[in-house]
Amino acid sequence: MAVPKHKTSKQRTHTRGSQWKTSAPALSECKNCHSLVKSHRVCPVCGSYDGELKIEHKQDNN
């Protein structure tokens, strides 16, 4: 098994770790209600996916 010959400095370790960045989620427009939705997901506003209604929302009668 390989063993390092020299100590890895703190700067080198932190520089390597600094490359892990998060990116903003890819959002696309819903074809039905035109709200922003994550790709390949059912729209939480209108319940449609790929132009078809997949989830029907219950209406509250107060």
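Author: Helices (H or I, at least four residues) and strands (E, at least two) are DSSP runs, numbered from the N terminus. Along the sequence, the order is α-β-β-β-β. The radius of gyration is 23 Å, well over the 11 Å that the globule rule gives for 62 residues, so the protein is more spread out than a compact globule. That radius is taken over C-alpha atoms, and the globule rule is 2.2 Å times the number of residues to the power 0.38.

A word on the source. This is a predicted model, in which local features need pLDDT of at least 70 and side-chain atom pairs count only at pLDDT 80 or more, while totals for chains, interfaces and linings use all residues. Residues are numbered from 1 along each chain as its sequence is written, and side-chain values use heavy atoms, with hydrogens and water left out.

Other totals fill in the picture. Along the principal axes, the C-alpha atoms fill a box of roughly 70 × 30 × 25 Å. Of the 62 residues, 11% are buried. Buried means under 20% relative accessible area, exposed means over 50%, and partly exposed is in between (1.4 Å probe, protein chains only). Take the contacts between residues at least 6 apart in sequence: 0% of them join residues at least 24 apart. A contact means heavy atoms within 4.5 Å.

Now the pocket. The largest pocket has a volume of about 260 Å³. On a 1 Å grid over the protein atoms alone, a pocket is an open set of points where a 1.4 Å probe fits, with protein on both sides within 12 Å along at least five of seven lines. Grid points are joined across faces, edges and corners, and the volume is the space filled by probe spheres set on the points.

A lining residue has an atom within 4 Å of a point. Three strands, β1 (27-29), β2 (36-38) and β3 (48-49), each supply at least two residues of the lining. By type, the lining splits into four nonpolar, six polar and five charged residues. Here Ala, Val, Leu, Ile, Met, Phe, Trp, Tyr, Cys and Pro count as nonpolar, Asp, Glu, Lys and Arg as charged, and the others, Gly among them, as polar.

Stay with Asp-50. The side chains of Asp-50 and Lys-31 meet in a salt bridge, 3.5 Å from N to O. Lys-31 is in the loop between β1 and β2 and Asp-50 in the loop between β3 and β4 (52-53), so the pair ties together parts that are 19 residues apart in sequence. A salt bridge is a side-chain nitrogen of Lys or Arg within 4 Å of a carboxyl oxygen of Asp or Glu. By that rule, the count is one. Side chains of opposite charge can pair when their charged atoms come close. Both Lys-31 and Asp-50 are exposed.

Ser-35, in the loop between β1 and β2, is buried at 19% relative accessible area. Beyond four places in sequence, Ser-35 touches Ser-28, Glu-29, Cys-30, Cys-43 and Val-45. Ser-39 sits in the loop between β2 and β3. Its relative accessibility is 27%, so Ser-39 counts as partly exposed. With neighbours within four places set aside, Ser-39 contacts Ala-26 and Ser-28.

Strand β3 contains Ser-48. At 5% relative accessibility, Ser-48 is buried. Outside four places in sequence, Ser-48 touches Cys-30, Asn-32, Val-42, Cys-43, Leu-53 and Lys-54.

Most residues other than glycine have a negative phi. His-34 has a positive phi of about 65°. His-34 is in the loop between β1 and β2 and is exposed at 52% relative accessibility. His-40 has a positive phi too, about 60°. His-40 lies in the loop between β2 and β3 and is exposed, with a relative accessible area of 69%.

Last, the helix. Arg-12 is in α1 (residues 10-17) and is exposed at 58% relative accessible area. Arg-12 and Ala-2 are 10 residues apart in sequence and 19 Å apart, C-alpha to C-alpha.
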